Amino acid sequence: MRQSVLIPLVVLLLFALGMLGQYQLSPLNLTERFSTSAYEVLMLFLLDGEWTLELERVPLAIEIVRFTAPLVAVASLVFIITENFRIAFRNFFARFARGHTVVMGL
């Protein structure tokens with residue numbers, strides 16, 4: 001699967017899991033405080049999960065998102081930054097490959 005499809009898919013999956021955890025905390029989080037809940041879940045991607053320290057019991061869904069969201073954010077940045085380098089690296093070493101036939105035409 002291409003990383004341009006995989007990264008947003010994983011981010012959306014983690015966001016949905018975080019919103020499920022917000023629902024497990026309180027069902028009112030998704031009706032009356034939806035924007036605040038979405039903001040809190042998105043802040044987990046930026047290593048800002050201080051709001052979870054105030055909770056007595058943190059649901060498993062939020063624990064999973066709290067751990068994996070920063071990893072996904074850093075991995076996404078690494079993939080984006082190194083994509084152009086990877087293409088240039090392959091193109092540079094393609095000239096040394098043997099056994100290829102180049103076909104040119106109209």
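Rings of Phe, Tyr and Trp, the last taken by its six-membered ring, count as a pair if their centres lie within 6.5 Å, and planes over 60 degrees apart make the pair edge-to-face. By this rule the predicted model has 3 aromatic pairs. In one of them, Phe89 and Phe93, the ring centres are 4.8 Å apart and the planes stand at 65°, so the pair is edge-to-face. Phe89 and Phe93 are 4 residues apart in helix H3, which means a separation of about one helical turn. The rings of Phe92 and Phe93 are also edge-to-face, because their planes meet at 85°, with centres 4.9 Å apart. Through ring pairs, Phe85, Phe89, Phe92 and Phe93 are linked into a cluster.

These four residues also belong to a nonpolar surface patch of about 570 Å², together with Phe96. Relative accessible area is 47% for Phe89, 41% for Phe93 and 40% for Phe92. Each of these values falls between 20% and 50%, so Phe89, Phe93 and Phe92 are partly exposed. Phe96, in the segment after H3, has 52% relative accessibility and therefore counts as exposed.

In soluble globular proteins, nonpolar side chains tend to be buried together. Here the largest nonpolar core consists of 8 residues: Leu14, Leu44, Phe45, Trp51, Ile62, Val65, Ala69 and Val72. Helix H3, residues 60–94, contributes the most to this core, with 4 residues. Beyond its neighbours within four places in sequence, the core residue Leu44 is in contact with Gly49, Trp51, Thr52, Val65, Arg66, Ala69 and Pro70.

Methods
Residues are numbered from 1 along each chain as its sequence is written. This is a predicted model: local features need pLDDT of at least 70, side-chain atom pairs count only at pLDDT 80 or more; totals for chains, interfaces and linings use all residues. Side-chain values use heavy atoms; hydrogens and water are left out. A nonpolar core is a set of buried Ala, Val, Leu, Ile, Met, Phe, Trp, Tyr and Cys residues joined through side-chain atoms within 4.5 Å. Buried means under 20% relative accessible area, exposed over 50%, partly exposed in between (1.4 Å probe, protein chains only). Helices (H or I, at least four residues) and strands (E, at least two) are DSSP runs, numbered from the N terminus. Contact means heavy atoms within 4.5 Å. Patches are made of residues with over 30% relative accessible area and no salt bridge: like charges are joined within 9 Å, nonpolar side chains (Val, Leu, Ile, Met, Phe, Trp, Tyr) within 5 Å. Accessible areas come from the Shrake-Rupley method with a 1.4 Å probe; for residues, only the protein chains shown count as cover. A salt bridge is a side-chain nitrogen of Lys or Arg within 4 Å of a carboxyl oxygen of Asp or Glu. Rings of Phe, Tyr and Trp (its six-membered ring) pair if their centres lie within 6.5 Å; planes under 30 degrees apart count as stacked, over 60 as edge-to-face and the rest as tilted.
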